Amino acid sequence: MLRGALAAAVTPLRDEGAALDEEAFRPYVDFLAAAGLEGILALGTTGEGILLSAAERRRAAELFLEGSLPVIVHCGAQTTAETSALAEHAKDSGAAGVAVIGPPYYALDEDALLAHFAAAARACEPLPFYVYEFQARSGYAVPVSVVERLRDEVSNLAGLKVSDRPLAAVQPYLLEGLDVFVGAEELLPVEGAAGTVSGLASVFPERVVKLDGVGELRAALDRFPFQAAAKYVLGRRGVQVREDVRAPLRPLTDNEKRELDEWLESS
């Protein structure tokens with residue numbers, strides 16, 4: 001079971017975001033591993049997973065898994081069938097766990113959410129399964145009662161990644177016997193949590209490992225489109241990751257790059 005600091009990794013892309021940059025995965029994972037992280041969450045919000053095709057997601061998961069860090073693969077998709085297929089692929093490919101966000105767009109009641117998460121969890125048994133709770137992205141909060149019912153229904157529920165803020169929104173999910181990874185860096189450390197799955201750790205892993213000014217660092221990057229800013233800063237740090245993001249995400253403007261350069265030089 002993973003604990004501690006994990007990176008919500010970016011996904012290396014090329015051709016203005018149209019294709020995976022396969023050669024960049026290994027050096028990027030090596031960069032993250034050298035900082036002392038415990039693992040990676042691949043293809044989550046920071047990793048643009050929801051914007052990639054199912055085939056691209058499977059291939060990207062395989063590329064991340066070729067690295068030296070344990071990988072939890074985010075498999076959340078719009079349908080239960082695709083989510084479950086991605087979860088099964090992650091299991092077969094050697095992932096350390098599977099995470100699934102609630103499907104966006106439709107208003108789902110508790111029974112529908114429970115059935116969706118349970119199907120995904122069963123598809124990757126006995127791999128550890130994590131509910132990815134992020135109200136700002138899914139459009140709703142997963143009721144705590146769904147998590148409690150899921151624990152009774154499947155054998156492999158290990159915990160949650162909770163990216164909500166403020167702290168009061170996280171605390172109800174700190175359920176006994178489940179590992180909770182906090183996503184909002186400004187809240188760290190959170191008593192009772194197992195660690196963090198941090199987008200900031202995809203760029204400044206050494207700072208997240210030490211919890212060194214992480215709230216301020218994240219706030220600085222959040223002034224820009226985050227995925228594009230993260231990839232730009234990685235390049236400035238000498239990591240073989242291109243600036244390319246998948247549309248409708250946009251790259252940084254020249255003015256934004258200059259502002260980031262000034263911030264990097266002064267920080």
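Q: Is R122 buried, partly exposed or exposed, and what is its relative accessible area?
A: This is a predicted model, and in it R122 has a relative accessible area of 40%.

Q: Which residue does R122 form a salt bridge with?
A: The partner of R122 is E153, and the closest N and O atoms of the two are 3.4 Å apart. The bridge links distant parts of the chain, since R122 sits in helix α4 (residues 110-123) while E153 sits in helix α6 (residues 144-153), 31 residues apart. E153 is also partly exposed, at 42% relative accessibility.

Q: How many salt bridges does the count come to?
A: The count comes to 19 salt bridges. Some of them share partners, and in this way E22, R59 and E62 are joined into one network.

Q: What about E56, which side chain does it meet in a salt bridge?
A: The side chain of E56 meets that of R246, with an N to O distance of 2.9 Å. E56 belongs to helix α2, whereas R246 lies in the loop between α10 (226-236) and α11 (254-266), so that this pair too links distant parts of the chain, 190 residues apart.

Q: Are those two buried or exposed?
A: Both E56 and R246 are buried.

Q: And D15, what does it pair with?
A: D15 forms a salt bridge with R14, and here the closest N and O atoms are 2.2 Å apart. D15 is partly exposed, with a relative accessible area of 46%, and R14 is partly exposed as well, at 30% relative accessibility.

Q: Back to α2, then. At what angle do α2 and α3 pack?
A: Helix α2 (residues 54-65) packs with helix α3 (residues 80-93) at an angle of about 25°, and their axes are 10 Å apart. An angle under 35 degrees counts as roughly parallel, and α2 and α3 are therefore described as roughly parallel to each other.

Q: Is the crossing right-handed or left-handed, and which residues meet?
A: The crossing of α2 past α3 is right-handed. On the α2 side the residues in contact are A54, R57, R58, E62 and L65, and on the α3 side they are E82, L86, H89 and S93. Sorted by class, this contact has four charged, three nonpolar and two polar residues.

Q: Changing topic: how many of the residues of α10 are buried?
A: Nine of the 11 residues in α10 are buried, so this helix is mostly covered. The buried residues are F226, Q227, A228, A229, A230, K231, Y232, V233 and L234.

Q: What do they pack against?
A: The buried residues of α10 pack against β2 (13-14), α1 (25-34), α9 (214-221) and α11. Just after α10 comes G238, which takes a positive phi of about 90°.

Definitions and conventions:
Residues numbered from 1 in each chain as written. Predicted model: local features only at pLDDT ≥ 70, side-chain atom pairs only at ≥ 80, totals over all residues. Heavy atoms only, no water. Axes fitted to C-alpha atoms, helices over the stretch in contact; angles between N-to-C directions. Helix = DSSP H or I, 4+ residues; strand = E, 2+ residues; numbered from the N terminus. Parallel < 35°, antiparallel > 145°, perpendicular 65-115°, else oblique. Left-handed = near helix turned anticlockwise from the far one by under 90°. Contact = heavy atoms within 4.5 Å. Nonpolar A, V, L, I, M, F, W, Y, C, P; charged D, E, K, R; others polar. Salt bridge = Lys/Arg side-chain N within 4 Å of Asp/Glu carboxyl O. Buried < 20%, exposed > 50% of the residue type's maximum accessible area, 1.4 Å probe, protein only.
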